[in-house]
Amino acid sequence: MQTLVVGMIHFYQRYISPAFPPSCRYQPTCSQYTVVAVKRFGVLRGLLMGTVRILRCNPFVRGGQDPVPDKFSLRRNN
């Protein structure tokens with residue numbers, strides 16, 4: 001299941017994302033963050049972390065560095 005989810009994200013990164021202008025406020029990008037989170041915490045927790053990260057990405061945040069934490073958390077790293 002993990003391989004399928006990561007494969008779908010890689011498909012998005014390679015074929016869909018280049019069709020739109022870059023707009024990610026965070027580093028690493030939300031899709032790369034989700035790939036790392038899925039590999040580190042499993043499919044359910046990783047997708048949850050990726051979804052929360054995407055919801056956090058809006059014009060009212062300053063963005064910046066936000067790597068995947070070592071322990072499961074839905075909060076932004078400091």
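Biologist: Hi! Which residues of helix 1 are buried?

Modeller: Val5, Val6 and Ile9 are the buried residues of helix 1. Buried means under 20% relative accessible area, exposed over 50%, and partly exposed in between, with a 1.4 Å probe and protein chains only.

Biologist: Where do they sit around the axis?

Modeller: They are on the same side of helix 1, because they cover an arc of only 95 degrees around the axis. That arc is taken from the directions from the helix axis to the C-beta atoms.

Biologist: What should I know about the model itself?

Modeller: It is a predicted model, where local features need pLDDT of at least 70 and side-chain atom pairs count only at pLDDT 80 or more, while totals for chains, interfaces and linings use all residues. Residues are numbered from 1 along each chain as its sequence is written, and side-chain values use heavy atoms, with hydrogens and water left out.

Biologist: Back to helix 1. Which residues are exposed on its other side?

Modeller: Those are Thr3, Leu4, Met8, Arg14 and Tyr15.

Biologist: And what covers the buried ones?

Modeller: The cover includes helix 2 (30–41) and helix 3 (43–56). Contact here means heavy atoms within 4.5 Å. Helices (H or I, at least four residues) and strands (E, at least two) are DSSP runs, numbered from the N terminus.

Biologist: New topic: how many salt bridges are there?

Modeller: Three. A salt bridge is a side-chain nitrogen of Lys or Arg within 4 Å of a carboxyl oxygen of Asp or Glu.

Biologist: Which residue pairs with aspartate 70?

Modeller: Arginine 40 does, with the closest N and O atoms 3.8 Å apart. This pair links distant parts of the chain, 30 residues apart: aspartate 70 is in the segment after strand 2 (64–65), and arginine 40 is in helix 2.

Biologist: Is aspartate 70 buried or exposed?

Modeller: Aspartate 70 counts as exposed because its relative accessibility is 70%. Arginine 40 has 42%, so it counts as partly exposed.

Biologist: What about aspartate 66 and arginine 56?

Modeller: Their side chains form a salt bridge at 2.6 Å, N to O. Aspartate 66 is in the segment after strand 2 and arginine 56 in helix 3, so the pair ties together parts ten residues apart in sequence. Both residues are buried. Salt bridges with shared partners join Arg53, Arg56 and Asp66 into one network.

Biologist: How far apart are arginine 53 and aspartate 66, N to O?

Modeller: That salt bridge is 3.7 Å, N to O, and both arginine 53 and aspartate 66 are buried.
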